[in-house]
Amino acid sequence: MLMLSPRLWFSSIASHSHNTLSCSSPRFLFFVPRLILTTALCNSSRKLCCGYQKPIKQNGFFPVASDLQSCSSSFPKDSAFSGLEDVVVSYLFGKKRATEVAHMVWKHVVQKGDTVIDATCGNGFDTLEMLNLVADDAHDGYVYALDIQEDALDNTSLLLEKSVNSNEKHLVKLFNICHSKMENAVPRNVSVRLVAFNLGYLPGGDKEIRTKSDTTLLALEAAKRILMPGGLISIVVYVGHPGGREELEAVESFAAGLCVENWICCKIQMLNRPCAPIPIFLYRR
Ligand SMILES: C[S@@+](CC[C@H](N)C(=O)[O-])C[C@H]1O[C@@H](n2cnc3c(N)ncnc32)[C@H](O)[C@@H]1O
């Protein structure tokens, strides 16, 4: 555990080495040293250095919460990371949801024209977010949106109809399949920048129909095969329902097994809210 100050800390729980962190991609950042954040790095506790400003001690201490709000943007406005700090800080102070943190992280990885996969499209909110990231004037970015429930695909389709024009809607390919079969949906020669999982059951739907650890693991393996270097597997895990904890353990052990040279694996966990959703990010260097 790395203690930054008595009042403000970042702790990294490592299962392997303790090196100095370096972030190979300038488009990607998880370690924001000003934040009160407990992050379990599944396979390394190396400190991420992305060329941004280091926290400066004030009277022997790193800044406290009130200071964080007033100086939360250490990145220039045009930086690839601008906005990320604000969202993570808001999350830590209970002002943003786990999915919003995930969306902001996607923003720093996904580019216009990319191909991405929503592995659990549900009501379509994540699909819409992804579409906004990949759609460009050339219309060559695609979102492959998968779900095992017809209702979920209908909901996603409806949301898209209400939110985007028909050209953009055509960039979303809906598939009524299990995410473990994602390789059947995406054309073979295509590199995928982001595979996102928002696990659990369909909000407003049948709670018995939910993601299960065995198929989630198969899907993670498939995602690993088709993800490009510089790509991200993003997972939001819910532990409040039956099977949720087991699924979290499966995801964690998958992440912990990814080699340190090629992957950076993080989770953000609320320590005093044991049922809070847990964002997990697996970044392929
Ligand atoms: C929490 S919801 C997703 C929320 C969604 N991303 C959104 O923005 O509204 C989880 C979804 O996973 C779907 N699901 C469950 N098992 C699945 C599987 N094996 N493959 C694909 N989708 C699955 C459920 O049907 C449900 O719609």
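Biologist: How many aromatic pairs does a search of the whole structure find?

Modeller: A pair of aromatic rings is described by the distance of the centres and the angle of the planes. Rings of Phe, Tyr and Trp (its six-membered ring) pair if their centres lie within 6.5 Å, with planes under 30 degrees apart counted as stacked, over 60 as edge-to-face and the rest as tilted. Searching the whole structure gives 2 aromatic pairs. The ring centres of Y142 and Y144 are 6.5 Å apart and their planes stand at 45 degrees, so this pair is tilted. Y144 also pairs with F175, and that pair is stacked, at 6.1 Å centre to centre and 25 degrees between the planes.

Biologist: Is Y144 buried or exposed?

Modeller: Buried means under 20% relative accessible area, exposed over 50%, and partly exposed in between (1.4 Å probe, protein chains only). Y144 has 8% and is buried, while Y142 has 28% and is partly exposed.

Biologist: Which polar side-chain atom lies 2.6 Å from an oxygen atom of the ligand?

Modeller: A polar contact is a pair of N or O atoms within 3.5 Å. The atom belongs to D147, and the side chain of D126 places an N or O atom 2.7 Å from a ligand nitrogen.

Biologist: What should I know about the model itself?

Modeller: This is a predicted model, in which local features need pLDDT of at least 70 and side-chain atom pairs count only at pLDDT 80 or more, whereas totals for chains, interfaces and linings use all residues. Residues are numbered from 1 along each chain as its sequence is written, and side-chain values use heavy atoms, leaving out hydrogens and water.

Terms used:
Polar contact = N/O pair within 3.5 Å; in protein donor to acceptor, adjacent residues only side chain to side chain.
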